[in-house]
Amino acid sequence: MLIIGIAGGTGCGKTTVVNQIINELPKGEVGVISQDSYYNDLSHLSLEERRKTNFDHPQSIDFELLSKHLIELRSGKTIEQPVYSFLECNRTERTIPTHPSKVMIVEGILILTNAQIRDMFDIKIFVHADSDERLIRRLKRDVNERGWDLDETLEKYQCNIKPMHEQFIEPSKEYADMIIPNNKYNTVAVDMVRTIINQKLV
């Protein structure tokens, strides 16, 4: 199994890059794990308290469970990937059976900040996007898809998202094997990723 880590700031377009890579590979050979599924269980807190949580800090992620699941997948076992609700700001009781695949993609803003997880990746990718672009995408997503209001999202951006990006996410770029600019010209980079994957899978 080949494990690929894809990181980058919030709203940078990681999902787009993930989908481009999936489309370049044979159907059924790629599995995806989202860092968002591994936010800590906050059932002990009220919804109001959960909404105040800093979800952009590495301590918000249950890296221990993610590590355990990656080890199990690599040994050929199926895992139960948690399901996260952005409306409830917490894990749900549901899980998704995730089977081992030839290629497993792990994507999330903080996945390159953890040394143990980082060491499990055969290929490390950082998706770069302009900060203004990222803010616009994040605003649209949080308001339209996640039930936050505009003022709440802007406050979160100023207090948590931007400082955490500068402190943790941007510096994690140094661990990347490849930095992909998220614009219409990233076809070459995705082609390179496909070539590397094919070489490693031979």
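Modeller: A disulfide here means a pair of cysteine sulfur atoms within 2.5 Å. This is a predicted model: local features need pLDDT of at least 70, side-chain atom pairs count only at pLDDT 80 or more, and totals for chains, interfaces and linings use all residues. Residues are numbered from 1 along each chain as its sequence is written, and side-chain values use heavy atoms, with hydrogens and water left out.

Biologist: How many disulfides in the whole structure?

Modeller: Zero, from a search of the whole structure.

Biologist: Is Cys 89 buried or exposed?

Modeller: Cys 89 is buried, at 1% relative accessible area. Buried is under 20%, exposed over 50%, partly exposed in between (1.4 Å probe, protein chains only).

Biologist: New topic. Where does Gln 35 lie?

Modeller: In the loop between β2 (30-34) and α2 (47-51). Helices (H or I, at least four residues) and strands (E, at least two) are DSSP runs, numbered from the N terminus. Gln 35 is buried too, with a relative accessible area of 0%.

Biologist: What does Gln 35 touch?

Modeller: Leaving out residues up to four places away in sequence, Gln 35 touches Ile 61, Glu 107, Gly 108, Ile 109, Leu 110 and Ile 111. Contact means heavy atoms within 4.5 Å. A polar atom of the Gln 35 side chain lies 2.6 Å from the backbone nitrogen of Leu 110.

Biologist: And Val 143, which helix is that in?

Modeller: Helix α5, residues 131-144. Val 143 counts as partly exposed, at 31% relative accessibility.

Key:
A polar contact is a pair of N or O atoms within 3.5 Å; within protein, one must be able to donate a hydrogen and the other to accept it, and residues adjacent in sequence count only if both atoms are side-chain atoms.
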